[in-house]
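Thanks for coming. I will walk through one structure, part by part, and keep it short.

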Amino acid sequence: MGVLTKKVKGAEDILPADSYKWQFVEDVMKKEAESFGFKEIRTPVFEHTVLFNRSVGETTDVVQKEMYTFDTKGGESITLRPEGTAGAARAYLEHALYNNGLPVKAYYLLTCYRYEKAQAGRQREFHQFGMETYGAADAKADAEMICAASSIFNRLGIDNINLEINSIGCKTCRKDYTSALKSYFESHKSDLCPTCLSRLDRNPMRILDCKNESCKKIAKDAPTVLEYICGDCSAHFEKVKTFLDAADVEYTVNPTIVRGLDYYTRTVFEFVTDCIGAQSTVCGGGRYDGLIEELGGQPTPSLGFAMGIERLLMVLDAQKIEIPKPPTCDLYIASLGEDAEVRAFGLIKELREASLIAEGDIVGRGLRAQMKYADKIGAKFSMVIGDDDISENKAKVKNMANGDQFEVPLDEEFLNAFLEKYLENYQKNISMSLQ
Ligand code: HAM
């Protein structure tokens, strides 16, 4: 196969036979977010590169190694979004959303781009669902955000997913921690990768999430942030835990979680599972109280999370959670002869106007092939119209599941007659499945 029929490495197609799974989980996510009072935000797939440098952070893996950055013909540096928080924050400021009253709550479903080593659960184009709140400093907001993610997992029937939380403190208490980390990593300098060597002075915390094996080994014994956070941050963290307890959301405190992006302050969290292999973090998020100011706005305590939809679907698959199958064709109308074709075309339109799924031949097949196709697409009912049926003004509808037949008129009574029988059969099916 040539390059014209091959997708780019790290990108995946979502095919018609699978898209219902995506639609189902996306629908659950949207409904859940809306029940928490969030509204959807859609931002462009690309932004000015400097937005990600400033928000995600110059010393992160994402900015240093993974961004799809290019110069436009006009000479601007543009980057395909590696995540959704930066673009949403930019839009919040650009459109002065704070004028509508705080907190502002937004959710999104989007594609992200990171030039990472592709493997199961790690792609170069992937999908995120995320929620962001602007203008909420209270620990209740942290707990509510975590509850929202947790209830999405619950609604999908997922278990065995563990919530891990931590606090990485504020700008002030981070200073002590950073110097402790710096002296620890200084003593292991010879085993650090070149990127981490350059991080030593500028941002030693980033060494903690380096993917290099040797750096990972050293990072395991590094001092943890919880020992260094200030009284206010510690009190905030305690309150978050109290609210999570009140909501019956289970968690473990994992002092090694620091997240791979620079904007975080105070609460950070991840939902982790052991059922999908190495890429085990399905959802990550936290507070980012300094980001809006960093982008030129007023100080605005904010927070959010994003979950990877590919990883979420892997969890559903691993836990054998059934996703409801999409509805199939309600009535396939096969036709034989020119007059019949024309009549079928009109009846199909009527069915569709009544919000039923209706199909008929559009490729000029013979009767037998039409029926084969009806079977293949899983049509619930089929009907054959020939010239005789038109002259008698009636035709037979067949229930494809059990072969039962009933007659319908082909005039203006057609739709009502079909619907009556359709509902009868449908109710019969429902009561049978309830027995
Ligand atoms: P993140 O941890 O970089 O956070 O990504 C969030 C989730 O996206 C991950 O937990 C994972 O499920 C998924 N993900 C990340 N990279 C890949 C990849 N290469 N392939 C497949 N899935 C991936 C953020 O992006 C933050 N913006 C989250 C956030 C929102 N924090 C506050 N608000």
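This is a predicted model: local features need pLDDT of at least 70, side-chain atom pairs count only at pLDDT 80 or more; totals for chains, interfaces and linings use all residues.

**Helix α12 and what follows**

Let me start with helix α12, where Ala340, Ala344, Leu347, Ile348 and Leu351 are buried. Viewed down the axis of α12, the buried residues fall within an arc of 110 degrees, so they line one face of the helix.

As a check on the geometry of α12, take its 16 residues, 338-353, at 1.5 Å a residue: the span should be 22 Å, and the end C-alpha atoms are 23 Å apart, which agrees.

After α12 comes serine 355, with a positive phi near 70 degrees, and this residue is not a glycine. Serine 355 sits in the loop between α12 and β13, residues 358-360. Is serine 355 buried or exposed? At 66% relative accessibility, serine 355 counts as exposed.

There is another positive phi in a residue that is not a glycine: arginine 266, at about 50 degrees. Arginine 266 belongs to strand β9. With a relative accessible area of 18%, arginine 266 is buried, because the cut-off for buried is under 20%.

**The open sheet**

Next, the sheet. Eight strands make up an open sheet with mixed pairing, and the order is β1-β5-β6-β11-β10-β9-β7-β8. Which strands stand at the edges? They are β1, residues 39-40, and β8, residues 252-253; each has a single partner strand, so one side of each is left without a neighbour in the sheet.

The partner of β1 is strand β5, residues 104-113, and the two pair in the parallel sense over two bridges. In those bridges, lysine 39 has alanine 106 of β5 as its partner, and glutamate 40 has tyrosine 107 of β5.

β5 also pairs with strand β6, residues 125-134, this time in the antiparallel sense and over ten bridges. Alanine 106 comes up again here, standing opposite glutamate 132 in β6. Of the ten residues of β5, eight are buried, so β5 is largely enclosed by the rest of the structure.

The peptide bond that joins leucine 102 and proline 103 is cis, with omega about 0 degrees.

**A hairpin**

Now a separate pair of strands. Strand β3, residues 68-71, and strand β4, residues 77-80, run antiparallel and are joined by four bridges. In one of the pairings, aspartate 71 stands opposite serine 77 in β4. The two strands β3 and β4 form a hairpin with five residues between them, and in the turn glycine 75 has a positive phi of about 90 degrees.

**The second largest pocket**

On to the pocket. The second largest pocket has a volume of about 910 Å³. Its lining has 32 residues, and those nearest the centre are Lys171, Arg174, Asp262, Tyr264 and Thr265. The elements that contribute two or more residues to this lining are α2 (49-55), α6 (171-186), β9 (265-273) and α10 (291-294).

Which element gives the most to the lining of the second largest pocket? That is α6, with five residues. Sorted by class, the lining has ten nonpolar, nine polar and 13 charged residues.

**Two distances**

I will finish with two C-alpha distances. Aspartate 248 is placed in the loop between α9, residues 231-246, and β8. Aspartate 248 is exposed, at 70% relative accessible area. The C-alpha atoms of aspartate 248 and cysteine 147 are separated by 9.3 Å, and the two residues are 101 residues apart along the chain.

The other distance involves serine 151, in helix α5, residues 139-155. Serine 151 has 15% relative accessibility and counts as buried. How many residues separate serine 151 and proline 194 in sequence, and how far apart are they in space? They are 43 residues apart in sequence and 41 Å apart in space, C-alpha to C-alpha.

That is the end of the walk-through, and I can take questions now.

Notes: Residues are numbered from 1 along each chain as its sequence is written. Side-chain values use heavy atoms; hydrogens and water are left out. The expected span of a helix is 1.5 Å times one less than its number of residues. Buried means under 20% relative accessible area, exposed over 50%, partly exposed in between (1.4 Å probe, protein chains only). The arc is that of the directions from the helix axis to the C-beta atoms. On a 1 Å grid over the protein atoms alone, a cavity is a set of points where a 1.4 Å probe fits but cannot get out, and a pocket is an open set with protein on both sides within 12 Å along at least five of seven lines; lining residues have an atom within 4 Å of a point. Grid points are joined across faces, edges and corners, and a volume is the space filled by probe spheres set on the points. Ala, Val, Leu, Ile, Met, Phe, Trp, Tyr, Cys and Pro count as nonpolar, Asp, Glu, Lys and Arg as charged, and the others, Gly among them, as polar. Two strands pair if DSSP finds at least two bridges between them.
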